[in-house]
Amino acid sequence: MSPRSASVNEELRRRSRERLLQAAVELVGEHGFEATTLGDIADRAGSARGLVSYYFPGKRQLVQSAVHRLMHRTLEEALEREPRTEDGRERLARAIDAILGLARDRPVLMRQHMAGLLQAEGFVQCPEQRRLAELLGDTVAGYGAQDVTADYPMLRALLMGAVYAALVPGVPMPVPVLRAELFQRYGLDWEMGMPPESDPCAGAGEGDVSRFFATGDGPGSP
């Protein structure tokens, strides 16, 4: 048997990493961070347990990368859904709704993610986090920001604060209230984006996430 080519090996590594990211999102969403082990994630992904450390330094870094993947693909899907638009205000509304929707629909996963960001290592600088930052930065630029380097961190901080507020145990703020505050700040109309009363996925809870993790497509897949 001839040895596999470099491109084939790279594709196999990509798929293996994607399966680990998907398994981490699913298991932490189902059982929480502490109850999920790296062994559990490897088993769900169908990977050797020792392979996890090849891609990620530890469980927290793996989970953070997995959630950033879910966030950037959710955001990407919202920005590109039909009818597609280049209107900066509409795209910002869609971005806000996408992130708040994750807090609403995946509270366990997002609560664990936000708690992890407060650990000493903070943001994990991974491809998933960088892609999320690019999408939000492009959204801010399309909205008409004069200084994206200043306005993007502000949007990120406001979204993080809103997600925290929606997830505080015992005293969560309603997502529609947080949405109204953000929309008012950015001068967005309530009918833009995906208003809560018109969102068919509102309250859908933990659903299938496989479409966000490309484990069976070719090297050029997103």
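**View 1. Ala45 and the residues it touches.** Not counting residues up to four places away in sequence, Ala45 touches Arg19, Leu20 and Ala23, where contact means heavy atoms within 4.5 Å. This is a predicted model, in which local features need pLDDT of at least 70, side-chain atom pairs count only at pLDDT 80 or more, and totals for chains, interfaces and linings use all residues. Residues are numbered from 1 along each chain as its sequence is written, and side-chain values use heavy atoms, with hydrogens and water left out. Ala45 is found in helix H2 (residues 38-45); helices here are DSSP runs (H or I, at least four residues), numbered from the N terminus. Ala45 and Leu20 lie 25 residues apart in sequence, yet their C-alpha atoms are 5.4 Å apart in space.

View 2. Helix H7 covers residues 127-143, and its 17 residues should span 24 Å at 1.5 Å a residue (the expected span is 1.5 Å times one less than the number of residues). Its end C-alpha atoms are 24 Å apart, which agrees. Among the buried residues of H7 are Leu132, Leu135, Leu136 and Val140. The buried residues of H7 pack against helices H1 (6-31), H4 (59-80), H5 (88-105) and H8 (148-167). Just after H7, look for Gly144, with a positive phi of about 110°.

Conventions:
Helices (H or I, at least four residues) and strands (E, at least two) are DSSP runs, numbered from the N terminus. Buried means under 20% relative accessible area, exposed over 50%, partly exposed in between (1.4 Å probe, protein chains only).
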